Amino acid sequence: RKGVRYILDNMNAGSYDLHLSQIAGAAGVHPSYFSKLFKKEVGETVSTFINRTRVEESKRLMDFTDLPLCDIASRLGFRSRSYFGHVFRKFTGSTPVQYRHRTLSG
């Protein structure tokens, strides 16, 4: 659970560099062992967990703030707005703009 805590703490700091080696180091284990253990315990890969968590947080920010999408993407550690859009669509089936529009009109 130290790895999950490390991810959550650093995700909101706008860190682009959530590397497996850093997360595993925070948990005190070798990266390959951490990766296998994480998948077994959490049920998804580290990168999938990071991206899914970032998307969920971005939805929360869109629902409860007026922050521009580029600020939300940057705050959550997406390197670009286009990559944010790609990941967001993968998890939600819509773009961030579509999601925000649906949120504002509903």
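Biologist: Which helix gives the most to the lining of the second largest pocket?

Modeller: That's α3, with 5 residues. A helix here is a DSSP run of H or I with at least four residues, a strand is a run of E with at least two, and both are numbered from the N terminus. Before we go on, this is a predicted model, so local features need pLDDT of at least 70 and side-chain atom pairs count only at pLDDT 80 or more, while totals for chains, interfaces and linings use all residues. Residues are numbered from 1 along each chain as its sequence is written, and side-chain values use heavy atoms, with hydrogens and water left out.

Biologist: Good to know. What counts as a pocket?

Modeller: Picture a 1 Å grid over the protein atoms alone: a pocket is an open set of points where a 1.4 Å probe fits, with protein on both sides within 12 Å along at least five of seven lines. Lining residues have an atom within 4 Å of a point.

Biologist: And how much space lies in the second largest pocket?

Modeller: About 160 Å³. That volume is the space filled by probe spheres set on the grid points, which are joined across faces, edges and corners.

Biologist: Which residues line it?

Modeller: The lining of the second largest pocket is made of Arg1, Lys2, Gly3, Val4, Ala27, Phe34, Leu37, Phe38, Glu41 and Val42. Both α1 (2-11) and α3 (31-42) supply at least two residues each.

Biologist: How many of the lining residues are nonpolar, polar and charged?

Modeller: There are 6 nonpolar, 1 polar and 3 charged. In this scheme Ala, Val, Leu, Ile, Met, Phe, Trp, Tyr, Cys and Pro are nonpolar, Asp, Glu, Lys and Arg are charged, and the others, Gly among them, are polar.

Biologist: Let's look at Gly3. Is Gly3 buried or exposed?

Modeller: Gly3 is buried, at 3% relative accessible area. Buried means under 20%, exposed means over 50%, and partly exposed is in between, using a 1.4 Å probe and protein chains only. Gly3 sits in helix α1.

Biologist: What does Gly3 touch?

Modeller: Leaving out residues up to four places away in sequence, Gly3 touches Ile23, Ala27 and Phe34. A contact means heavy atoms within 4.5 Å.

Biologist: New topic: how many aromatic pairs are there?

Modeller: A search of the whole structure finds 6. One of them is Phe34 with Phe38, a tilted pair at 5.6 Å centre to centre with 45° between the planes. Rings of Phe, Tyr and Trp (its six-membered ring) pair if their centres lie within 6.5 Å; planes under 30 degrees apart are stacked, over 60 edge-to-face, and the rest tilted.

Biologist: Why are Phe34 and Phe38 about one helical turn apart?

Modeller: Because they are 4 residues apart in helix α3. Phe34 is buried at 5% relative accessible area, and Phe38 is buried too, at 4%.

Biologist: What about Phe78 and Tyr83?

Modeller: Phe78 and Tyr83 form a tilted pair, 6.1 Å centre to centre and 55° between the planes. Phe78 is buried at 2% relative accessibility, whereas Tyr83 is partly exposed at 38%. Together with Phe84, Phe88 and Tyr99, Phe78 and Tyr83 form one aromatic cluster.

Biologist: And what lies over the face of Phe78?

Modeller: Arg54 does, at 5.6 Å from the ring centre. The rule is that NZ of Lys or CZ of Arg must be within 6 Å of the ring centre and within 35 degrees of the ring normal.

Biologist: Zooming out, how many helices and strands does the protein have?

Modeller: It has 7 helices and 0 strands. Buried residues make up 36% of its 106 residues.
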